[in-house]
Amino acid sequence: METAHVLVAADKFKGSLTAVQVAERVTAGLRRVVPGVRVETLPVADGGDGTVAAAVAAGFERREARVTGPLGDPVTAAYAVRDTTAVVEMAEASGLQHLPAGEFAPLTATTYGSGELLAAALDAGARTIVFGVGGSATNDGGAGMLAALGARFLDGDGKPVGPGGAALAGLAEADLSGLDPRLADIDLILASDVDNPLTGPKGAPEVYGRQKGATEDDIAVLDAALAHYASLLGPETAELPGAGAAGGIGYGALVALGARFRPGIDVMLDVLGFAPALARATLVVTGEGSLDEQTLHGKAPAGVAAAARAAGVQTVAVCGRLALPPEALAGSGISRAYALTDLEPDPVVCMAQAGPLLERAAEAIARDFLS
């Protein structure tokens with residue numbers, strides 16, 4: 001098939017391969033079977049960790065800033081800039097990756113560094129900021145982020161409340177008058193694959209608190225504290241889709257920063273230039289570490305496949321493990337999925353050998369779709 005033009009638009013395989021490495025391995029496998037095939041790579045992300053890396057791979061400039069980590073210690077966080085658009089990833093400043101192994105701080109972890117990272121993007125001249133939220137260590141409703149941008153959160157004695165979500169139970173006054181005035185003149189896009197509200201049975205503490213180390217008692221404390229916080233800032237906004245993203249940082253961005261919520265993969269496909277790349281493609285290869293039920297709810301492969309199907313381009317997927325039946329795959333626009341566990345059933349070996357296994361999977365794609 002001499003006219004074949006393959007677009008590799010896959011997310012990372014978490015814990016084993018970055019999105020850039022996935023693209024490199026798929027390309028190598030395809031070319032081993034069809035040496036002359038044209039392959040274009042566009043690593044993608046859905047707003048969670050890996051979003052800045054995807055932007056850099058698409059031509060954005062990587063910048064770094066020293067900011068406050070979730071536990072209060074300084075960390076180095078990356079963001080990406082092209083012209084007047086910046087891509088900021090909250091996990092770079094306030095993510096789980098900044099916690100020591102096995103250590104969590106669900107009640108006290110802060111998003112202060114995420115606010116500092118947004119300020120760095122403003123200092124870099126950004127007029128549009130894509131704010132990717134996911135992978136957070138925090139549950140503070142974005143209060144730390146807003147404090148870093150000039151807001152004041154005071155207790156009954158007029159003193160600043162402590163860091164983290166639990167301290168918001170003692171909040172008596174929320175003063176947003178000192179927020180950085182530059183925020184009023186930018187387009188802030190909240191990019192997330194999470195559409196949960198802030199509190200309640202589908203809220204941030206209940207749905208995501210446990211993966212951040214919260215006990216059942218902690219979840220109750222956080223839910224009540226965030227509800228109190230929202231009662232002072234704007235309870236209606238707490239019900240909006242995305243308010244519960246990243247421990248409620250979505251709420252802070254929506255209620256105080258004028259952010260607008262969009263599904264993360266949709267935003268990133270726009271920012272990365274997916275549409276013109278798709279127009280050149282005859283086959284799309286997408287994927288991520290685990291193709292499962294979550295994939296269907298706004299994850300990168302589902303977004304890529306939906307866009308490709310709308311353009312009439314066939315899509316196949318690569319993954320570490322496959323937990324979706326063929327009919328679910330087909331419904332999402334994916335013709336076929338190639339799982340590494342089909343080549344190596346031992347998950348530990350599979351993750352360790354993900355690169356070579358992925359090349360073998362790509363060889364199979366080339367034989368099935370390009371030969």
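Arg152 counts as partly exposed at 43% relative accessibility, where buried means under 20% relative accessible area, exposed over 50%, and partly exposed in between (1.4 Å probe, protein chains only). This is a predicted model, in which local features need pLDDT of at least 70 and side-chain atom pairs count only at pLDDT 80 or more, while totals for chains, interfaces and linings use all residues. Residues are numbered from 1 along each chain as its sequence is written, and side-chain values use heavy atoms, with hydrogens and water left out.

Arg152 forms a salt bridge with Asp175, their closest N and O atoms being 3.4 Å apart; a salt bridge here is a side-chain nitrogen of Lys or Arg within 4 Å of a carboxyl oxygen of Asp or Glu. The pair links distant parts of the chain, 23 residues apart, with Asp175 in strand E8 (residues 173–175) and Arg152 in strand E7 (residues 152–154), strands being DSSP runs (E) of at least two residues and helices (H or I) of at least four, numbered from the N terminus. Asp175, at 18% relative accessibility, counts as buried.

The structure holds 20 salt bridges. One of them joins Asp49 and Lys12, with the closest N and O atoms 3.8 Å apart; because Asp49 lies in the loop between strand E2 (38–41) and helix H2 (51–57), and Lys12 in the loop between strand E1 (5–8) and helix H1 (19–33), this pair ties together parts that are 37 residues apart in sequence.

With a disulfide taken as a pair of cysteine sulfur atoms within 2.5 Å, the count comes to zero. The sulfur of Cys350 is 9.2 Å from the closest cysteine sulfur, in Cys319, which is too far for a bond.
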